[in-house]
Amino acid sequence: MKTSKIKKMCAVVLAATLGISVLAGCGSSSESGATAGAQELTFNIGGDIKTLDPALNQAVDGGIILENLFEGLYKPGDDFKPVPAIAESYDLSEDQTVYTFHLRKDAKWTNGDPVTAGDFEYAWKRVLDPATAAEYSYQMLYLKGATKYNESGTEEDRENVGVKAIDDNTLEVTLESPCAYFLDLVSFPCYFPVNKNAVEANKDWSTKAETYVSNGPFKLTDYKIKDGAVLEKNDTYYNKDQVTLDKLNIKFVAEPTSAWANYKAGQFDMIYSVPAAEVPEGVKKGDVTTYPQLGTYYLSLNVTDKVTDPKAAEALGNVDVRKALNLAIDREAIVNNVTKGGQIAATSFVPVGIPDAEGKDFKNKEYFPAKGDVEQAKKLLADAGYPNGEGFPTLTLLINPEGDHSLIAQAIQDMWKNNLGIDVQIQSQEWKVFQDTRISKNYEIARDGWVGDYNDPMTFIDLLESNSGLNNSGYNNPKYDELVEAAKVEQDAAKRMDLMHQAEDVLMEDMPIAPIYYYTQPMGVQSYVKGLKVSNLGFIYFDKVTLEK
């Protein structure tokens, strides 16, 4: 998910990404911090989220909230492997392409309506409908006929998409080819059901608590842009007796230093982002917990014709320039001196932590040195026609300014100046605006990030396919697409992994992105917060949380 990872979300996951905007205050005393005996938690997630529509979310911050408001056919269990949720079970055809999901009969929406198979069919086809403009539609292309409908939007093609409600409690799903991680996919927010009546009655249904309808362990009772959201225990949830938290106050304080001060003062029970300078000592004192995260922080280099400056477009279109920019970055200096959160310097796009067919780590090679190679970078820049940076255009690096993004950008800016003799300007945009700018490719270089949607290399590899809605660099190489598509249908596990290795080889040779580091997520979590579940995909689950003050 984009950390942009949903924004997986990717994106970030997006890494992970946070929003921006600073609150004048942190809410009333009744919404700030836990009081003795009360099962009410206040969590600062960062800046203002872009959307709470499961079809449209692409970022980790929005995904965290959605994971607590909704429930899909399956959900992550305690070991984060998929377990039954709205679906109690499923049957799988002999050729492993047809899933017949049997839905529980006691699932309800927050408005009291039953959750039906038709809600899933409607939601999935809504994501695929080109009129919805869902960046995550590419994640639904596993369904038979999905690509054709996603391109045409016709009613005939809609009817032929491989998802069909047989009756209220039976959902038949037909895939283009077997998919080993399909149950992980249906646990992801873009596969959540939505209530058709609520969605079609009001196009802005997801922006107001009074019109918001969900089916998960919590319900949305208040939502103020640039302020926060309030989630309360959902009394219509089939498993409500297992939900231990009564209320979750989510705040949108963008400035990490302000959030940290409120956390230390006891106003926040949890904070998502900890200032880098506070992490080492915070870990020692127990104020900060560093969680593993399956994600990569990287730069997207715009390789499309949407770059408006002809000189910038020419430079970024040159693979030697892109390789030079990549090799001039000392990633070890960034993780040791800037981020300081246990991150690992990235030397590939797919991060460490994903097993291959033999149970070893998929990440098995370094495509470039972690400390960079300045001499080779200078040679490549000269080969591209810019010796010592002469004649090189001033490029703009676009960031969203909260967290450590500004510090990282400044470090890279200095490295490019000192190592290559080129000038780069840094421009900041509000998180919600930044996401739109990056998706529409109205930038030159942009900070980016991705937190996996599931525990397989494909969650990173297919992100850069030419038809991916979250391919922010606009990368388009038919050879790469061919390898990715071949991997998607390959049933031999070893051959499948080899195809993805070949795809990453092509990607790193073309260098439309510059990986910087593999994520961790240092969070502030007060010692009395018990039962918190944090996945390496960036999501946080609050349904089993208790406050023991």
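Guide: The model is predicted. The domain assignment divides the protein chain into domain 1, made of residues 41-255 + 526-547, and domain 2, residues 293-521. Taken over C-alpha atoms, the centres of domain 1 and domain 2 lie 30 Å apart. To the contact between them, domain 1 gives 25 residues and domain 2 gives 26 residues. About 2300 Å² is buried between domain 1 and domain 2, with 54% of that area on carbon and sulfur atoms.

Polar links also cross the boundary. Seven residue pairs, both members at pLDDT 80 or more, are in polar contact between domain 1 and domain 2. The interface also has three salt bridges by the rule applied. K432 makes a salt bridge with D48, and their closest N and O atoms are 3.2 Å apart. On the side of domain 1 that touches domain 2, the elements giving two or more residues are α1 (60-69) and α5 (182-185). The residues of that side of domain 1 comprise 14 nonpolar, five polar and six charged.

A separate note concerns S406, which sits in helix α13 (residues 405-420). Is S406 buried, partly exposed or exposed? S406 counts as partly exposed because its relative accessible area is 24%, and that class lies between the cut-offs of 20% and 50%. With neighbours within four places in sequence left aside, S406 is in contact with I399 and P401. Between S406 and L143 there are 263 residues of sequence separation and 40 Å in space, C-alpha to C-alpha.

Technical notes: Residues numbered from 1 in each chain as written. Predicted model: local features only at pLDDT ≥ 70, side-chain atom pairs only at ≥ 80, totals over all residues. Heavy atoms only, no water. Domains from an automatic or database assignment. Contact = heavy atoms within 4.5 Å. Buried area = accessible area lost by both parts, 1.4 Å probe. Salt bridge = Lys/Arg side-chain N within 4 Å of Asp/Glu carboxyl O. Polar contact = N/O pair within 3.5 Å; in protein donor to acceptor, adjacent residues only side chain to side chain. Helix = DSSP H or I, 4+ residues; strand = E, 2+ residues; numbered from the N terminus. Nonpolar A, V, L, I, M, F, W, Y, C, P; charged D, E, K, R; others polar. Buried < 20%, exposed > 50% of the residue type's maximum accessible area, 1.4 Å probe, protein only.
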